[in-house]
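Have the sequence and the 3D view at hand as you read.

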Amino acid sequence: MNRLFKLQFLGPFALFTATLCAELAARALQYNPSSELLWFINLRVFGIFQRSYSSLSYLVPIDGFQFFGVALPIFALACIGLATRSRLPFTVATHSSLVYAGLLVFSWQVGVPTVTQASLVTMAVPSGVGLYVMATILGTCLLSFAVTHLLYFLAVGKEVRALVSWLRRVSSRRNNRIAA
């Protein structure tokens, strides 16, 4: 199997893993609310998921929806695409994972009060470990998205070359018949 084909799996896998870890950290905090380590992990490491949860909870008030309703189906589609070696599930999974990663970044931006000085617009960026989590998710989803498109462009190029080759054969046969 093509290594590029397997590379498409990276974005949905990273999104699934990060969402699972954020959900587990939130569940652990419910059982031990006095733990400073769990508060740090929940707010600093996975703070991006806290803000997206507050954005999504207005639309879908289901506890754990980010994991069970978004990340798990995307990951399942990627697994189906990998198992069946089919492009369509991978395409849907990589596009959906990029959209969800964009939602995570957008919800981080919306959740921060903005202060504008002169003509400069502030942009909220998480610091420390939260920045690395967000950059990893967004980077892997963008990479998977790009690889998906690259594979489609290569497939289209192969089909175009086959069409041009067929047209040349047909044209040369027609020219040979006319000359004869």
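Helix 2 has 22 residues and spans 32 Å from its first C-alpha to its last, close to the expected 32 Å at 1.5 Å a residue, where the expected span is 1.5 Å times one less than the number of residues. Helices here are DSSP runs (H or I, at least four residues), numbered from the N terminus. Please keep in mind that this is a predicted model, in which local features need pLDDT of at least 70, side-chain atom pairs count only at pLDDT 80 or more, and totals for chains, interfaces and linings use all residues. Residues are numbered from 1 along each chain as its sequence is written, and side-chain values use heavy atoms, with hydrogens and water left out.

Several residues of helix 2 are buried, including Gly11, Leu15, Ala18, Ala22 and Leu29; buried means under 20% relative accessible area, exposed over 50%, and partly exposed in between (1.4 Å probe, protein chains only).

What does helix 2 pack against? Axes are lines fitted to C-alpha atoms, for helices over the stretch in contact, and angles run from 0 to 180 degrees between N-to-C directions. On the helix 2 side, the contact (heavy atoms within 4.5 Å) is made by Leu10, Gly11, Pro12, Ala14, Leu15 and Ala18, and on the helix 7 side by Ile137, Thr140, Cys141, Leu143 and Ser144. These residues divide into 8 nonpolar, 3 polar and no charged. Here Ala, Val, Leu, Ile, Met, Phe, Trp, Tyr, Cys and Pro count as nonpolar, Asp, Glu, Lys and Arg as charged, and the others, Gly among them, as polar.

Another partner is helix 3 (residues 36–45), which packs with helix 2 at about 145°, with axes 9 Å apart. Ala22, Ala25, Ala26, Ala28 and Leu29 of helix 2 meet Leu38, Trp39, Ile41 and Asn42 of helix 3. Take a closer look at Leu38 in helix 3: at 17% relative accessibility, Leu38 counts as buried. Beyond its neighbours within four places in sequence, Leu38 is in contact with Ala28, Leu29 and Asn32.

Finally, visit Arg85, in the loop between helix 5 (65–84) and helix 6 (87–110). Most residues other than glycine have a negative phi. Arg85, however, has a positive phi of about 55° although it is not a glycine, and at 59% relative accessibility Arg85 counts as exposed.

How values were computed
Helix = DSSP H or I, 4+ residues; strand = E, 2+ residues; numbered from the N terminus.
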